[in-house]
Amino acid sequence: MSWRGVYGLAWRLGQPWVRRYLRRRGRKAPAYLEHWDERFGDGFSPKAVGAIWIHAVSVGETRAAQPVVAALRARFPDAPLLVTQMTPTGRATAEALYTGAEVRYLPYDLPDAVAGFLRVYKPRFGVLMETEIWPNLLFAAKDAGVPMFLANARLSEKSLNGYRKIGALIRPAVATLSGTLAQTRDDAARLAELSADPVLVCGNSKYDIAPPADKLTLAETFRAAIGERPVLVAASTRDDEEALLLDAWAARKTRDALLVLVPRHPERFDAVADMVEQRGLALARRSAGLEALNEDTDVWLGDSMGELFAYYAAGDVAFVGGSLKPLGGQNLIEPASVGRPVLFGPSMFNFKEASALALAAGAARQCEDAAGVIAAFDELIGNGKAREDMADAARAFTALHRGASERMAAFIAERLSER
């Protein structure tokens, strides 16, 4: 049996395990139990037939797609928009960001399910964001005559090594792409090794995301409620990084500042609240309203969705999570775009180039551990000039690297015009 046959059979045989996985996730995050049928290729009532189709697995990719979508819509103004995800938080983000779009889950990579999805929606073309390489989907798109592009594409050396082990499956799938739009030269070289052709280095669309005006206004409301004391915003934290930060925060000699904690996954909000209270720190939750926040609050828990820019803009210094543990980091461009000095931990391999550029520009500092993060915050609060210099560097850093979305959209339009 061919690799493609083995892969398809594995998906068919693995369906019971996938359903158990969803039920298990659903116990902590009930949204995983909603729209169940879409995940297995059923229950679609399409409105966006013949659409621009964007697939973005979760929140970060969905946000990164926003300027790409705007550039594509300018070139294809009459085409409807279809946006698919794999996670409930990604879906909720898409529903908030893309007015008028049809938002659905992409079916799992079951041969019949993805073929049925394409048969029902008949997209004009598809854009997969970042690292979404699904072999059966790509083979089905080729069979259906749907041009597919990998945009804002990145591929780590670790992921490449994994793909090499199943190269007989992955390379033919990647070769079906009509174009691959890579973030960096290193990404382009690794994707070319997987048979991507043509490959164009475009940069990172996350630099093109403009801070929403309503979130900047909300930040002013947040700041008014916080008052004048210094604020460290620790956002997109994962895997109990909060415990490390809270221990370091509790060890500070004074309680003259506010720590704003914004966990990446909403199902962890309650667990993080428990961590705060276990350490004897005064907690307020965003979900309890701004009136719960007062001058005695040590930690404000950002247990809300869609307000990340507001939290960053309300702070004085930002820490980007996913970096204290070997998780590869999260998006540092967002806090930099609102002019906040950026701190992150030792693990930033998912944002290798962006973090290196931010460090070189003087927009960011890398810290060894949670204690180092708190120490860097205290140093910056005590040195206004250093903080302002980093803030100016952060704004300049993001401005310098804009334009990737337009390059991606221009390439896609050109390739489609050649068909």
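Me: Before anything else, what does buried area mean here?
Reply: Buried area is the accessible area, taken with a 1.4 Å probe, that two parts lose on being put together, summed over both. This is a predicted model, in which local features need pLDDT of at least 70 and side-chain atom pairs count only at pLDDT 80 or more, while totals for chains, interfaces and linings use all residues. Residues are numbered from 1 along each chain as its sequence is written, and side-chain values use heavy atoms, with hydrogens and water left out.

Me: OK, which domains is the chain divided into?
Reply: Domain 1 covers 3–203 + 403–418 and domain 2 covers 213–401, with bounds that come from an automatic or database domain assignment.

Me: And how many residues does each put into the contact?
Reply: Ten residues from domain 1 and ten residues from domain 2 take part, where contact means heavy atoms within 4.5 Å.

Me: What area is buried between them?
Reply: About 860 Å² is buried between domain 1 and domain 2, and carbon and sulfur atoms give 49% of that. On the domain 1 side, Arg63, Thr89 and Arg154 lose the most area to domain 2, together 43% of what that side buries.

Me: Switching to charges, how many salt bridges are there between the domains?
Reply: There are two salt bridges between domain 1 and domain 2, each being a side-chain nitrogen of Lys or Arg within 4 Å of a carboxyl oxygen of Asp or Glu.

Me: Which residue does Glu334 pair with?
Reply: Glu334 forms a salt bridge with Arg63, and their closest N and O atoms are 3.7 Å apart.
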